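Please examine the sequence and the structure shown here before reading the explanation.

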Amino acid sequence: MRDEIRNPRTLAYAAIVLSAAAMLAMSNIHSAQRRAIASDDAVLSSLRLARIDLNRGFLRTQSSGAASSDRDEGLAMLRQAEQTLAEASRAYADSGVRSPENLSSFAEIDGAFASFMSRLETDGAEGERYAELRISFYAIERKAELLDSAIQEELREFLRGLDAQYVAALWLASFILIGVTAAIHASARAKARISASLRESQELMRSIIENTPSFVYAFDTEGRCVLANRRVADFMRVDAEWMIGRRRAEWMAEETEKAHRLNDGQVLEGNEPITIEEDITEGDGRRVFLTTKFPLLGPDGRVWAVGGISTDITERKRSEQELREALAEREVLLRELNHRTKNNMQVISSWLALQSSRSDDPAVVAVLREADARIKAMALVHRKLYQGGNLSSIDLADYLRELLGVLVAAYGDEDLRVSTALDLQELRAVIDVAVPCGLIVSELVSNSLKHAFKDGREGTIALTLKRNAADEIELAYSDDGPGCPGGLPGPGSKGIGLATVKAIGENQLGGRVRFETDRGFSFGLAFSDAGFRARV
Amino acid sequence: MERRPKVLIVEDEAITALSIRFELERTGHEVCAFVSTGEEAAEAFDRAAPDLVLMDIGLGGPMDGIAAASRIRERSDVPLIFISGYDDEPMRARANAFLPLEFFTKPLDFELLVETIDRAMEVRTPPS
């Protein structure tokens, strides 16, 4: 009911009815007042008639020598006048215009008339009594005239007021009607605008639904189709209108239909959207869709259908699969390459071992052992790559830590008393960085064990690794041996170890190399690996 | 006279096999046989009755080292050392199913290899 009252159309109709009722009521009141005025007119007419009868009757009875019949006729006239006056008095009392003053005047006239008639009939006297009656009559007549005039004026005044009220009521009703009409017109225009906007909105929605490359559809809780765009119909090779009200089973294979129905059930049960992959095997084979399904709520807040938007991702899935296969193949190839590399290194290492076992020259054996250590340093990188699950980079700190252990064990003999002090920041390095770093450390360790800690000298090898503020890798190596009293060996010397280190650090890694031999031996290298990372 | 421990080497890379053989013989071991395929390994095991088997995983032929090890395990609980250029978790998991003494990756650290073999032999044949 409240909603109906809020409806502009209902309000308009109510206003019209009320206006019409008000006008009708005012019209009725006006008619009633007019009737009352007419009634008062009748009263005045009666009064005038009574006055005429009075005059005529009085004159007839007054004339001297008048026949008895004239006198009787005069009396009859007077009685008629009395009766007419009495009726006028009653009519006035019953009319809508009831002035107390006028009513008392009427009562006075009635009393005077009654007295006059009583005396005339009782006494039958004439002469002076007639004169008195005549005087009395004139007084009465004058009173009647005055009353007539007063009543007329009062009625006119009343009618003027009544007309003003009537006109005001008419204006009011007109204003109401105009207002209501304007309101109805505005309401109609607003409704037209809303309808146009709604049509535009519906057209936009329809355009989107029909032109999207995705499938758009909805099924009610009973599994009947309530919406299917052209893409769905074309794919299913049916007519979109034909689908409405039908179940999927009428155009889908049993297994597919069951899977899709179960997904709808999941939305209905959870009352929230889901995003899944759905298969449809129709026509030209299996297609894969990325589907979002969501509950559609009615005005009462209850789910009445499940809406769905499905995008064909078959090609994307195929590409992803191809990419996965390509990546897997690349991984296999890389692993195989690593394996072959390690095997080849093993072969070289085995050759060196065979050569070493055949030589009695300690210098030859030492050279072969150094070469083997270098091979192992490089092979360790491949092992780390293999174990780390990342075939392009390794944890450089982890690699150098293990390498140092391997080298000390490989070069060391029973009386070696060397400890290590490591401060290695965890950072990842690609193979093109890790291998040169490993070779550098291999040469430096070889150098320390051969020169700094020979003959059972006790000492410490320190190695630090970090990435500095300039995003460079910093590698620092030192031993606390005697250093090189005669300075570093020059280019022409027999030892090639430090020359190799310098070449790797500066030429291969593009870094800054520092050697110090004042107190023990120390080496520093700083280089940027950004270029190496970009190559991977 | 103390009997030298007999080692069966299964390795398809000849140079590697040869260097292992020299290293073992240099350190007082007897290489009773060295073969290059899985099929030959089972045969050599029956024939030579080694005290320890050194088994490469990536062998030529249809049978890899792990499959060959399973054949040997059907016959004996002889100590088994795997050597391989491969070193990933699935590979290790497969190999560990046959309870190897150790799993060495290439290139080999011969000293560590010999040390491991000697320790195994000591445990297996305690001094009387």
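The paragraphs below treat a sheet, its helices and the nonpolar cores.

This is a predicted model, in which local features need pLDDT of at least 70 and side-chain atom pairs count only at pLDDT 80 or more, while totals for chains, interfaces and linings use all residues. Residues are numbered from 1 along each chain as its sequence is written, and chains are lettered from A and ligands numbered from 1 in the order in which they are written.

In chain A, five strands form an open sheet with mixed pairing, in the order β7-β9-β10-β12-β11. Strands (E, at least two residues) and helices (H or I, at least four) are DSSP runs numbered from the N terminus; two strands pair if DSSP finds at least two bridges between them. β7 (417-424) and β11 (512-516) of chain A each have a single partner strand and stand at the edges, so one side of each is left without a neighbour in the sheet. β9(A) and β10(A) run antiparallel and are joined by seven bridges; Thr464(A) has Ala476(A) in β10(A) as its bridge partner.

α11(A) packs on this sheet, touching β7 and β9 of chain A. Contact here means C-beta atoms, placed from the backbone, within 7 Å. α12(A) also packs on the sheet, where it touches β9, β10 and β12 of chain A.

The largest nonpolar core has 45 residues, and Leu396(A), Leu400(A) and Val441(A) have the most contacts inside it. Such a core is a set of buried Ala, Val, Leu, Ile, Met, Phe, Trp, Tyr and Cys residues joined through C-beta atoms within 7 Å; buried means 20 or more other C-beta atoms within 10 Å of a residue's own, with C-beta atoms placed from the backbone. α12(A) gives the largest share of this core, ten residues.

Key: A residue is buried if 20 or more other C-beta atoms lie within 10 Å of its own, exposed if 12 or fewer, and partly exposed in between; C-beta atoms are placed from the backbone. Two residues are in contact if their C-beta atoms, placed from the backbone, lie within 7 Å. Axes are lines fitted to C-alpha atoms, for helices over the stretch in contact, and angles run from 0 to 180 degrees between N-to-C directions.
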